[in-house]
Amino acid sequence: MSGPQARLQGRICPACGGTGLTEKERHTHEADSNGNLIPQVNRFLSACTLCGGSKVVYG
Ligand SMILES: [Zn+2]
């Protein structure tokens, strides 16, 4: 007599902690005024690859 409870229960995405974004690093080189290449690390946010930016995962 127990009907199926087909309620999808999402939980906070463990990869991004519910922000939908993850921080990534991009390593580049930029030339200074003397033409020397200086290594640079740029951090940027992009959509979480686990939840695709939806902030929750199912299952
Ligand atoms: Zn996520």
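Predicted model: local features only at pLDDT ≥ 70, side-chain atom pairs only at ≥ 80, totals over all residues.
Val56 counts as partly exposed because it has 13 C-beta neighbours inside 10 Å. Residues are numbered from 1 along each chain as its sequence is written.

**Val56**
- Val56 sits in strand E4.
- Leaving out residues up to four places away in sequence, Val56 touches Gly10, Arg11, Ile12, Cys13 and Cys51. Contact has a cut-off: the C-beta atoms of the two residues, placed from the backbone, lie within 7 Å.
- Val56 and Gly18 are 38 residues apart in sequence, yet their C-alpha atoms are 6.5 Å apart in space.

**The whole chain**
- The protein chain has four strands and zero helices. Both kinds of element are DSSP runs, numbered from the N terminus: helices (H or I) have at least four residues, strands (E) at least two.
- Read from the N terminus, the order of elements is β-β-β-β.
- Of the 59 residues of the protein chain, 7% count as buried.
- Among contacts with a separation of 6 or more, 56% join residues 24 or more positions apart.

**The hairpin of E2 and E3**
- Strand E2 (residues 21–31) pairs with E3 in the antiparallel sense, over eleven bridges. Two strands pair if DSSP finds at least two bridges between them.
- E2 and E3 form a hairpin, and five residues lie between them.
- In the turn, Gly35 has a positive phi of about 85°.
- Leu21 has Ala47 as its bridge partner in E3.
- For Lys24, the bridge partner in E3 is Phe44.
- E2 lies largely in the open, because the number buried among its eleven residues is zero.
- E3 is hardly covered: it too has eleven residues, and the count of buried ones is zero.
- In a regular strand the side chains alternate between the two faces of the sheet.

**Ala47**
- Ala47 belongs to strand E3 (residues 37–47).
- Why does Ala47 count as partly exposed? Ala47 has 13 C-beta neighbours inside 10 Å, so it gets that label.
- Apart from its neighbours within four places in sequence, Ala47 is in contact with Gly20, Leu21, Gly52 and Gly53.
- Ala47 and Thr22 are 25 residues apart along the chain, and 6.3 Å separates their C-alpha atoms.

**Lys55**
- Lys55 is in the loop between E3 and strand E4 (56–58).
- Lys55 has a positive phi of about 75°, although it is not a glycine. Most residues other than glycine have a negative phi.
- Lys55 is partly exposed because 16 other C-beta atoms lie within 10 Å.

How values were computed: Buried ≥ 20, exposed ≤ 12 C-beta atoms within 10 Å, placed from the backbone.
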